[in-house]
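Subject: Structure for you, with notes

Hi,

Here is the structure I promised to pass on.

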Amino acid sequence: MNESSSTQYAAQVAPGDAPGGQGETSVLGYVIGLVLASGLTAVSFYITRSTIFWPPSIPTALVVLAIAQMGVHLVFFLHITSGRDSTNNVLALAFGILIVFLIIAGSLWIMANLNHNMLPMDQIMKMQR
Amino acid sequence: MNATVTSVHSASEAKKRIAVGYGFWIFLLSDIVMFSCFFASYAVLVNATAGGQEGRQLFDLDRVAIETACLLGSSFTCGLAFIASGKRSAISFHVSMAATLALGAAFLILEGAEFSSMLQRNAGPTHSAFLSAFFSLVGCHGIHVSIGLLWLMTMMAQVYAKGFRDDILRRILCFTLFWHALDIIWVALFTVVYLIGVAP
């Protein structure tokens with residue numbers, strides 16, 4: 001009974017805990033995370049300030065670097081992994097990402113569309129006279 | 001007999017820890033959804049400067065880089081404090097939490113300096129829709145960091161007064177999750193607001 005119930009609980013892990021449980025968290029994981037995150041941050045700041053890159057490509061590169069860095073934070077600091085014991089946490093995260101995507105992409109799309117369909121400001125002023 | 005009691009206790013404690021951690025994870029995701037609304041309004045209003053100053057003229061990337069370093073370092077020391085709590089080591093827990101507190105406070109001081117310099121340059125939140133969105137987005141993150149620092153000091157006091165009890169350890173888990181989530185939001189923030197705002 002005890003054996004089976006503890007195996008059952010061991011099949012899940014709290015977000016933040018390392019796979020295998022609370023005591024298994026190691027300093028090495030945080031060091032790797034810190035190094036990767038610092039590197040990505042440094043690259044982001046560098047490409048913003050340097051003049052050797054094609055300017056229109058910079059925002060896209062920054063967004064990609066930011067998403068990569070968020071992934072580093074999720075894996076190395078929050079210990080959200082693809083392992084079986086983290087399924088619930090990953091599913092909740094996936095749902096959160098879906099909602100965030102809908103809110104941001106939807107707002108930008110709708111507002112750009114409204115902006116596009118709106119009369120230019122000088123014509124609105126004329127109509128108000 | 002004794003071993004059985006311990007294993008039943010630790011199994012129910014593990015279950016409770018998973019439930020509490022998962023519930024707090026859901027809260028954090030809903031907090032991130034709330035932040036995404038602020039991000040969306042900022043992205044919509046970023047060009048609505050009403051003839052006032054743009055981000056390019058207002059943002060100081062050096063200060064933002066130091067703020068980022070503070071928050072990233074504090075995320076790391078917060079992880080060290082979490083490890084220390086798992087090992088029941090009070091001294092390294094308090095040292096790591098104090099380092100987290102110092103870095104978080106440095107971040108808030110820098111952000112306060114930025115806000116006051118913008119207010120002095122006649123670029124307060126009432127000046128344009130862009131600045132309203134900027135102050136509500138960055139200010140909302142700053143308020144979260146302030147609340148996090150209050151929570152951090154509470155956790156230090158509770159560990160000092162009560163030791164590493166199971167319920168205190170669950171609170172430390174939740175605090176760690178909260179602090180790392182704030183750092184993730186800051187990554188989105190310095191990229192979308194500052195770097196893309198200043199990029200050529």
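Predicted model: local features only at pLDDT ≥ 70, side-chain atom pairs only at ≥ 80, totals over all residues.

Residues are numbered from 1 along each chain as its sequence is written, chains are lettered from A and ligands numbered from 1 in the order in which they are written, and side-chain values use heavy atoms, with hydrogens and water left out.

**Helix packing in chain B**

Helices here are DSSP runs of H or I with at least four residues, numbered from the N terminus. Helix α4 (residues 90–120) of chain B packs against helix α5 (residues 129–162) of chain B at an angle of about 155°, and their axes are 10 Å apart. The axes are lines fitted to C-alpha atoms over the stretch in contact, with angles running from 0 to 180 degrees between N-to-C directions. That makes α4(B) and α5(B) roughly antiparallel (angles over 145 degrees). Their crossing is left-handed, meaning that the near helix is turned anticlockwise from the far one by less than a right angle. Sorted by class, the contact of α4(B) with α5(B) has 21 nonpolar, seven polar and two charged residues. Nonpolar covers Ala, Val, Leu, Ile, Met, Phe, Trp, Tyr, Cys and Pro, charged covers Asp, Glu, Lys and Arg, and the others, Gly among them, are polar.

**Aromatic pairs**

There are 18 aromatic pairs over all chains. Rings of Phe, Tyr and Trp (its six-membered ring) pair if their centres lie within 6.5 Å; planes under 30 degrees apart are stacked, over 60 edge-to-face and the rest tilted. One of the pairs is B:Phe107 with B:Trp186, whose ring centres are 4.9 Å apart with planes at 90°, so it is edge-to-face. B:Phe107 sits in helix α4 of chain B and B:Trp186 in helix α6 (residues 166–198) of chain B, so this pair ties together parts that are 79 residues apart in sequence. B:Phe107 is buried at 0% relative accessible area, and B:Trp186 is also buried at 0%. For the burial classes, buried means under 20% relative accessible area, exposed over 50% and partly exposed in between (1.4 Å probe, protein chains only).

Then there is B:Trp151 with B:Phe178, a tilted pair at 5.5 Å centre to centre and 50° between the planes. Here α5 of chain B supplies B:Trp151 and α6 of chain B supplies B:Phe178, so parts 27 residues apart in sequence are tied together. B:Trp151 is partly exposed at 22%, whereas B:Phe178 is buried at 5%.

Ring pairs also link B:Phe59, B:Phe107, B:Phe115, B:Phe134, B:Phe135, B:Trp186 and B:Tyr194 into a cluster.

**Single residues**

A:His73, in helix α3 (residues 58–77) of chain A, is buried at 1%. Leaving aside residues up to four places away in sequence, A:His73 touches A:Ala37, A:Leu78, B:Leu72, B:Asp183, B:Ile184 and B:Val187 (contact means heavy atoms within 4.5 Å).

A:His79 is not a glycine but has a positive phi of about 55°. A:His79 lies in the loop between α3 and α4 (87–117) of chain A and is buried at 10%. B:Arg88, also not a glycine, has a positive phi near 55°; B:Arg88 lies in the loop between α3 (61–86) and α4 of chain B and is partly exposed at 42%.

Cheers

Terms used. Helix = DSSP H or I, 4+ residues; strand = E, 2+ residues; numbered from the N terminus. Parallel < 35°, antiparallel > 145°, perpendicular 65-115°, else oblique.
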